[in-house]
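Work through the exercises below with the model open beside you. Try each task before reading its solution.

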Amino acid sequence: MPRIAFLGPPGAGKGTQASTLAAELGIPHLSTGDLLRAAVAARTPLGTEAGGYMSAGRLVPDDLVIRVLEERFGLPDARPGFLLDGFPRTLAQAERLETVAPLERVVFFDVPESALVDRLSSRRVCPACQTVYNLASRPPRAPGRCDRDGTELVQRPDDRPEAVATRLAVYAETTAPLVEFYRARGILRTVDASGSLDEVRRRVRHAIDDRAGGSC
Ligand code: AMP
């Protein structure tokens with residue numbers, strides 16, 4: 001069972017692809033963003049601490065995120081393999097992961113920065129079932145309503161313009177260096193993440209299936 005992570009800027013489409021591909025591969029999709037949002041919604045002490053960083057578009061401190069993820073790793077379904085989305089985002093997180101569950105493949109979602117702002121500002125989510133829509137490329141059937149349960153769609157607080165600028169800057173400074181970290185380990189694959197959902201899914205699938213090959 002594979003241990004895979006998706007790496008790339010906010011708005012690159014990691015979460016959308018991860019939910020489809022994890023189901024196809026029969027492994028859990030572990031999104032630290034989703035785990036943290038659940039803690040915020042449940043008003044746990046950790047959620048309360050993390051929420052301020054998140055709505056400002058800043059990273060939650062390493063020790064909190066690592067704690068959330070390690071708790072999730074403790075559940076039996078994550079033992080054989082997993083697809084990580086949104087973790088690691090710092091060198092300290094990557095180094096910690098090496099000691100807990102070393103990755104076999106890292107897929108880097110490459111998208112021009114100009115496309116990211118558009119994608120993030122047109123993203124809407126269902127607060128009930130977490131389905132993600134895009135007003136331009138993946139609109140709901142009825143305007144403003146979730147296809148699955150009819151709940152009114154919302155914009156994530158960190159998809160508002162002020163927070164988006166911070167998230168892109170934090171990504172460039174803190175997370176982008178992980179591309180070299182994993183390239184040096186020979187497990188990185190870069191995919192062109194612009195194009196239709198299906199095109200990107202095929203490229204990502206190819207990058208995952210090619211686990212035996214070298215990096216590029
Ligand atoms: P995401 O859904 O992956 O875009 O994550 C939403 C927000 O959760 C991020 O902007 C951060 O504030 C926080 N977050 C998620 N994953 C991490 C992580 N690995 N390290 C630090 N903060 C994180």
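**Exercise 1. Aromatic pairs**

Is F73 buried or exposed? Decide, then classify its ring pair and a second aromatic pair.

Solution. The model is predicted. Start with accessibility. F73 has a relative accessible area of 12%. Buried means under 20%, so F73 is buried. Next take F82. Its relative accessibility is 2%, so F82 counts as buried too.

Now turn to geometry. A pair of aromatic rings is described by the distance of the centres and the angle of the planes. The whole structure holds 3 aromatic pairs. One of them joins F73 and F82, at 5.0 Å centre to centre and 50° between the planes. Planes under 30 degrees apart count as stacked and those over 60 as edge-to-face, so the F73 and F82 pair is tilted.

Finally, check for a charge at the ring of F181. The charged end of R185 sits over that ring, 3.7 Å from its centre.

**Exercise 2. The ligand shell**

Solution. Begin with the shell. It has 16 residues, of which T32, R58, G86, R89 and Q93 come nearest. Sort them by class: 6 are nonpolar, 4 polar and 6 charged.

Now list the contacts.

- R37 places a polar side-chain atom 3.0 Å from an oxygen atom of the ligand.
- V60 has a polar backbone atom 3.0 Å from a nitrogen atom of the ligand.
- R89 brings a polar side-chain atom to 2.9 Å from a ligand nitrogen atom.

Close with the cover. On its own the ligand has 480 Å² of accessible area, and the protein covers 94% of it.

**Exercise 3. Backbone features in loops**

Solution. Take the cis bond. It runs from F87 to P88, with omega near -5°. P88 lies in the loop between β3 (82-85) and α5 (91-100).

Next, R43. It is not a glycine, yet its phi is positive, about 55°. R43 belongs to the loop between α2 and α3 (45-55). Its relative accessible area is 71%, over the 50% cut-off, so R43 is exposed.

Last, Q130. Its phi is also positive, about 70°, and it is not a glycine. Q130 sits in the loop between β5 (123-125) and β6 (132-134). At a relative accessible area of 46%, Q130 is partly exposed.

Methods: Residues are numbered from 1 along each chain as its sequence is written. This is a predicted model: local features need pLDDT of at least 70, side-chain atom pairs count only at pLDDT 80 or more; totals for chains, interfaces and linings use all residues. Side-chain values use heavy atoms; hydrogens and water are left out. A residue is near a molecule or strand if one of its heavy atoms lies within 4 Å of it. A polar contact is a pair of N or O atoms within 3.5 Å; within protein, one must be able to donate a hydrogen and the other to accept it, and residues adjacent in sequence count only if both atoms are side-chain atoms. Accessible areas come from the Shrake-Rupley method with a 1.4 Å probe; for residues, only the protein chains shown count as cover. Ala, Val, Leu, Ile, Met, Phe, Trp, Tyr, Cys and Pro count as nonpolar, Asp, Glu, Lys and Arg as charged, and the others, Gly among them, as polar. Rings of Phe, Tyr and Trp (its six-membered ring) pair if their centres lie within 6.5 Å; planes under 30 degrees apart count as stacked, over 60 as edge-to-face and the rest as tilted. Buried means under 20% relative accessible area, exposed over 50%, partly exposed in between (1.4 Å probe, protein chains only). A charge sits over a ring if NZ of Lys or CZ of Arg is within 6 Å of the ring centre and within 35 degrees of the ring normal. Helices (H or I, at least four residues) and strands (E, at least two) are DSSP runs, numbered from the N terminus.
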